[in-house]
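Please look over the protein shown here before reading the notes that follow. They begin with the terms and the model as a whole, and then turn to single residues.

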Amino acid sequence: MTQRIAVVTGGTGGLGVAMCEAMCQQGHKVIATYYPTDETEKQAKEQQAELQKMGTEILLFPLDVADFDSCKSFVATVEAEIGPIDILVNNAGITRDAPLKRMEHQQWQDVIDTNLSSMFNMSKQVFDGMCNRGWGRIVNISSLNGEKGQFGQANYAATKAGIYGFTRSIAQEGARKGVTVNAVSPGYIDTPMVRQVPENVLESIVQGIPVGRLGRPEEIARAVAFLTAEEAGFITGTNLSVNGGQYMS
Ligand code: CAA
């Protein structure tokens with residue numbers, strides 16, 4: 001098989017680690033980015049060491065995906081030092097939940113910048129190269145709540161819904177060049193982000209999941225690995241919902 005270079009943004013977070021692991025298992029060289037703070041750097045190194053113990057090697061880079069210029073220089077560095085990026089998983093995302101009546105402008109803006117502008121900031125840097133080389137895979141991580149909306153998540157749901165328009169548009173631009181672009185929409189998965197939801201609220205959410213439990217990060221990683229595979233060249237501009245049946249569109 002061809003070894004590809006893959007970048008997973010937010011690659012040391014709840015879902016990201018499982019995605020990195022899955023793509024390493026596919027034989028790819030995987031680079032995980034993390035938002036740089038003292039705490040996240042420590043956490044990222046721990047994750048890297050943990051994966052290494054299981055025989056999985058990932059490279060780490062600090063990156064704020066909300067910052068266009070940082071994304072530009074990150075991609076330039078990776079391409080100069082490691083090689084051209086063939087697979088991009090736009091996974092980094094945040095929540096700043098509040099009902100609209102209590103949502104501050106900063107909570108709106110931070111989520112727009114990190115969850116939606118990041119799609120442009122990162123894809124823009126790699127898309128031309130993928131098209132010129134005639135092969136590429138971009139997977140954008142959206143959410144169940146981008147499909148159905150969610151009380152307290154007007155900002156987050158707006159960004160996750162926006163990802164579908166972005167995905168379908170650049171999927172059309174890359175289609176004749178061997179570049180596929182798809183979205184994956186996780187439901188409620190057992191990650192630190194979901195564990196922040198108040199216990200009583202989460203309990204009632206889980207009651208509404210037909211499968212009867214939270215999802216596991218590996219179940220999202222499986223969808224990402226499926227869409228980034230060599231054999232997935234005819235799948236583009238689509239959304240793969242992985243939500244235990246919580247929303248069936
Ligand atoms: N529908 C209708 N009304 C609701 C409601 C709902 N789903 N949830 C709460 N309310 C009502 C409450 O009953 C309450 O009503 P009263 O004022 O009449 O008593 C009012 O709204 C305020 O509710 P809260 O006390 O919960 O308000 P809060 O300000 O303390 O918290 C919140 C609001 C932060 C949004 C909290 O409800 C919450 O965390 N909700 C969960 C949001 C969520 O699902 N986030 C997902 C995070 S994980 C993720 O995003 C990953 C992914 O992709 C799936």
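Helices (H or I, at least four residues) and strands (E, at least two) are taken from DSSP runs and are numbered from the N terminus. In these terms Ala49 lies in helix α2, and the protein as a whole has 9 helices and 7 strands. This is a predicted model, in which local features need pLDDT of at least 70 and side-chain atom pairs count only at pLDDT 80 or more, while totals for chains, interfaces and linings use all residues. Residues are numbered from 1 along each chain as its sequence is written, and side-chain values use heavy atoms, with hydrogens and water left out.

**Confidence**

- The mean pLDDT of the protein, where pLDDT is the predictor's confidence in each residue from 0 to 100, is 97, and 100% of the residues score at least 70.
- Among the elements, helix α2 (residues 38–53) has the lowest mean pLDDT, 92, whereas strand β6 (residues 179–186) has the highest, 99.

**Overall form**

- Taken along the principal axes, the box filled by the C-alpha atoms is roughly 50 × 40 × 35 Å.
- Of the 249 residues, 48% count as buried, where buried means under 20% relative accessible area, exposed means over 50%, and partly exposed lies in between (1.4 Å probe, protein chains only).
- Contact means heavy atoms within 4.5 Å, and residues 24 or more positions apart account for 75% of the contacts with a separation of 6 or more.

**Surface and charge**

- By the Shrake-Rupley method with a 1.4 Å probe, the accessible surface comes to about 12100 Å², and 51% of that area belongs to carbon and sulfur atoms.
- Counting Lys and Arg as positive and Asp and Glu as negative, with His and the chain ends not counted, and placing each charge at NZ of Lys, CZ of Arg, CG of Asp or CD of Glu, there are 21 positive and 27 negative side chains, and the centres of the two sets lie 6 Å apart.

**Residues in helices**

- Ala49 counts as partly exposed because its relative accessibility is 34%, and its C-alpha atom is separated by 26 Å from that of Ala229, 180 residues apart along the chain.
- Ala171, whose place is in helix α6, is buried because its relative accessible area is 3%.
- Leaving aside neighbours within four places in sequence, Ala171 is in contact with Val181, Thr236 and Gly237, while the C-alpha atoms of Ala171 and Gln207 are separated by 36 Å.

**A residue in a strand**

- Ile87, found in strand β4 (residues 87–90), has a relative accessible area of 0% and is therefore buried.
- Apart from neighbours within four places in sequence, the contacts of Ile87 include Arg4, Met23, Trp135 and Thr228; the C-alpha atoms of Ile87 and Thr228, 141 residues apart along the chain, are separated by 7.0 Å.

- Not counting residues up to four places away in sequence, Gln153 touches Thr95, Asp97, Ala98, Asn145 and Ala158.
- Gln246, found in the segment after β7 (239–242), is buried, with a relative accessible area of 17%, and its contacts beyond four places in sequence include Leu144, Tyr188 and Pro210.
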